[in-house]
Amino acid sequence: MGLMLALDTNDVEYAKKIVSEAREYISYIKISHVLLASSSKDDLNAILDDTPVFLDLKWFDIPNTVELAIKSYNTHIPNLQYFTFHGVAGDSLINIVSKYKNQALSVISLSSEKANKSYFLEQARRNYNLGIRGFICPGIFLEPMRAEFGDYVTLVTPGIRNESSKNDHVFATALEDAKKWGATHWVVGRPILESTDIKQATIAYQ
């Protein structure tokens, strides 16, 4: 279990500052298009150092393209632990991704959008039956996912908020609830990135 820091900033120097102050208290750094588009390989190496990485690019493409991307990023980011893909994609893509099931996290719905429980679970079952064992899971679905799959799946919960604004997360969830309901990892970005005291903000979510 642990905190994933969503490093969604295009300011490379600020990213370095955030990580230097937060590194001791985080389990993973989540990077997305925001940071990748602004960073050279040397920048990324300086920011990430030896911290495990969660690559959140939500792949949804033809199977061959996705597999080539997975192989390439596993080469260029030595500490890559997790990546995301769209879990509503066709079986052929999920079959390819399932070969990397220890890394793959299925995105069925975004925490910024309302989602239907029965649809979420239906897609989760399809993913699971195709070999997927990791899911991006909004807080509202943690309990039904644990009831369905027990401890056989990794559940990463975005939109974690204690007392700060929920921003654009429809399913914002307090850390205490996420842990109680079965989150394996929890993702926090803006409450830390926008804090005047990065270290203390990180500790609050650690």
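1. Lys58 lies in strand E3 of this predicted model, and its backbone has a positive phi of about 50° although Lys58 is not a glycine. With a relative accessibility of 27%, Lys58 counts as partly exposed. A positive phi of about 50° is also found at Asp49, again a residue that is not a glycine; Asp49 is placed in the loop between helix H3 (41-48) and E3, and at 51% relative accessibility it counts as exposed.

2. Trp59 deserves a point to itself. Leaving out residues up to four places away in sequence, Trp59 touches Val66, Ala69, Ile70, Tyr73, Phe83, Thr84, Phe85, His86 and Leu93. Trp59 also forms one aromatic cluster together with Tyr73 and Phe83. In the largest nonpolar core, which holds 58 residues, Trp59 is one of those that touch the most other members, alongside Leu7, Ile31, Leu55 and Met145. The largest share of this core, 5 residues, comes from helix H1 (residues 12-22). A second, separate core has 10 residues, among them Ala6, Tyr28, Phe54 and Val187.

3. Which residues of H4 are buried? They are Val66, Glu67, Ala69 and Ile70, and when viewed down the axis of H4 the buried residues fall within an arc of 160°, so they line one face of the helix. In general, an α-helix has 3.6 residues a turn, so residues three or four places apart point the same way. The face of H4 turned away from the buried side carries the exposed residues Asn64 and Thr75. The cover over the buried residues of H4 includes strand E3 (53-59), strand E4 (80-86) and helix H5 (91-97).

4. On the aromatic side chains, the count comes to 6 aromatic pairs. One of these is formed by Phe135 and Phe149, which are stacked, with 6.1 Å from centre to centre and 15° between the planes. Since Phe135 lies in strand E6 (residues 134-136) and Phe149 in helix H7 (residues 142-149), the pair ties together parts that are 14 residues apart in sequence. Phe135 and Phe149 are both buried. A contact of another kind involves Arg133, whose charged end sits over the ring of Tyr128, 3.6 Å from the ring centre.

5. Gln123 is a polar side chain to inspect. Gln123 lies in helix H6 (residues 117-129) and, at 10% relative accessibility, counts as buried, because the cut-off for that class is under 20%. Apart from residues up to four places away in sequence, Gln123 touches Gly87, Val88 and Ile108.

6. Where is Ile192 placed? Ile192 is found in helix H9 (residues 190-193), and it is buried, with a relative accessible area of 0%. Its contacts, leaving aside neighbours within four places in sequence, are with Leu3, Leu5, Ile198, Ala201, Thr202 and Tyr205. Ile192 and Ala6 are 186 residues apart in sequence, while in space they are 8.8 Å apart from C-alpha to C-alpha.

Notes. Residues numbered from 1 in each chain as written. Predicted model: local features only at pLDDT ≥ 70, side-chain atom pairs only at ≥ 80, totals over all residues. Heavy atoms only, no water. Phe/Tyr/Trp six-rings, centres within 6.5 Å; stacked < 30°, edge-to-face > 60°. Helix = DSSP H or I, 4+ residues; strand = E, 2+ residues; numbered from the N terminus. Buried < 20%, exposed > 50% of the residue type's maximum accessible area, 1.4 Å probe, protein only. Lys NZ or Arg CZ within 6 Å of the ring centre and 35° of its normal. Arc of directions from axis to C-beta. Contact = heavy atoms within 4.5 Å. Core = buried A, V, L, I, M, F, W, Y, C linked by side-chain atoms within 4.5 Å.
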